[in-house]
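The sequence and the model are shown first.

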Amino acid sequence: RTPVIRERQSVMQTAASTLEQVLLEHALAQTLTRYATACDTRNWDLLQQVFAPDCTTVYGGSYLCEGVAKVRRMISTHLDGCGPTQHLLGNLEVDIDDPARPRSRIQVRAVHQGLGPRSHLRYDAIGFYEDEWVRLPEGWRIQKRSMTVLLEIGERSVLQPGT
């Protein structure tokens, strides 16, 4: 007997690609890449080019932030005392039921190494971001973000504030 392989249904509904959708997906992907770059280089000013000023985010179900300044503070509190990180993003899905307010989902694997005497420790968070977008004069920005963590590997205490 040949096993039956069922395709995983995406939570995002997608229509046939149009040039407009491809351009939108590219613009959103560029902004998401900016986010990963901000985290991995600790260039927190880049977050102004990722989030709307009045954004709302929930990370891992427990870190609620309202406004880009609070998002910046929360992320920097976790990463400034951490060693090298790599935030890998992939499998972007974009839903344009409402072209003025697209939604997206992207997979994330965030790898974190400890710093100094903790450099032998590592923490990986695997999950996805679900974002609602708004177009500002400066470009597309995340208005609402929710991060769902599916798997944690290693020692979460690697995430530390800076000194």
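## Sheet

An open sheet is formed by 6 strands in the order β2-β1-β6-β5-β4-β3, with mixed pairing. Strands are DSSP runs of E with at least two residues, helices are runs of H or I with at least four residues, and both are numbered from the N terminus. Two strands count as paired if DSSP finds at least two bridges between them. β2 and β3 are the edge strands, each pairing on one side only. On average, neighbouring strands of this sheet are turned by 20° against each other, direction ignored. In general, strands of a sheet pair through backbone hydrogen bonds, either parallel or antiparallel. β1 and β2 run antiparallel and are joined by 4 bridges; valine 58 has leucine 64 in β2 as its bridge partner.

Both helices pack on the sheet. α1 touches β1, β3, β4, β5 and β6, and its direction makes about 160° with that of β3. α2 touches β1, β2, β3 and β4, and its direction makes about 45° with that of β1. For these angles, axes are lines fitted to C-alpha atoms, for helices over the stretch in contact, and values run from 0 to 180 degrees between N-to-C directions.

## Basis of the model

The model is predicted: local features need pLDDT of at least 70 and side-chain atom pairs count only at pLDDT 80 or more, while totals for chains, interfaces and linings use all residues. Residues are numbered from 1 along each chain as its sequence is written, and side-chain values use heavy atoms, with hydrogens and water left out.

## Helices

α1 has 23 residues and reaches 33 Å from its first C-alpha to its last, close to the expected 33 Å at 1.5 Å a residue. The expected span is 1.5 Å times one less than the number of residues in the helix. Gln21, Leu24, Leu28, Thr31, Leu32, Tyr35, Ala36, Ala38 and Cys39 are the buried residues of α1, where buried means under 20% relative accessible area, exposed over 50%, and partly exposed in between (1.4 Å probe, protein chains only). Their cover includes β1, α2, β3, β4, β5 and β6.

α2 has 12 residues and reaches 16 Å between its first and last C-alpha, close to the 16 Å expected at 1.5 Å a residue. Its buried residues are Val68, Val71, Met74, Ile75, Ser76, His78 and Leu79. These residues pack against α1, β1, β2, β3 and β4.

## Nonpolar core

The largest nonpolar core has 33 residues, of which Tyr35, Leu47, Phe51, Tyr59, Ile75 and Tyr129 touch the most other members. α1, β1, α2, β4, β5 and β6 each give two or more residues to this core, and the largest share, 6 residues, comes from α1. Such a core is a set of buried Ala, Val, Leu, Ile, Met, Phe, Trp, Tyr and Cys residues joined through side-chain atoms within 4.5 Å.

Leaving aside its neighbours within four places in sequence, tyrosine 59 is in contact (heavy atoms within 4.5 Å) with Tyr35, Phe51, Met74, Ile75, Tyr129, Arg145 and Met147.

Histidine 87 lies in strand β3 and counts as buried because its relative accessible area is 9%. Its side chain makes a polar contact with the side chain of aspartate 40 at 2.7 Å. A polar contact is a pair of N or O atoms within 3.5 Å; within protein, one must be able to donate a hydrogen and the other to accept it, and residues adjacent in sequence count only if both atoms are side-chain atoms. Beyond four places in sequence, the contacts of histidine 87 include Ala36, Cys39, Leu79, Arg109 and Tyr129.

Glutamine 113, in strand β4, has 34% relative accessibility and therefore counts as partly exposed. The side chain of glutamine 113 reaches the backbone oxygen of serine 119 at 3.0 Å. The C-alpha atoms of glutamine 113 and glycine 154 are separated by 9.8 Å, although these residues are 41 residues apart along the chain.

## Positive phi values

Most residues other than glycine have a negative phi. Arginine 42, which is not a glycine, has a positive phi of about 60°. Arginine 42 follows α1, in the loop between α1 and β1, and is partly exposed because its relative accessibility is 21%. Asparagine 91 also has a positive phi, near 60°. Asparagine 91 is placed in strand β3 and counts as exposed, at 62% relative accessibility.
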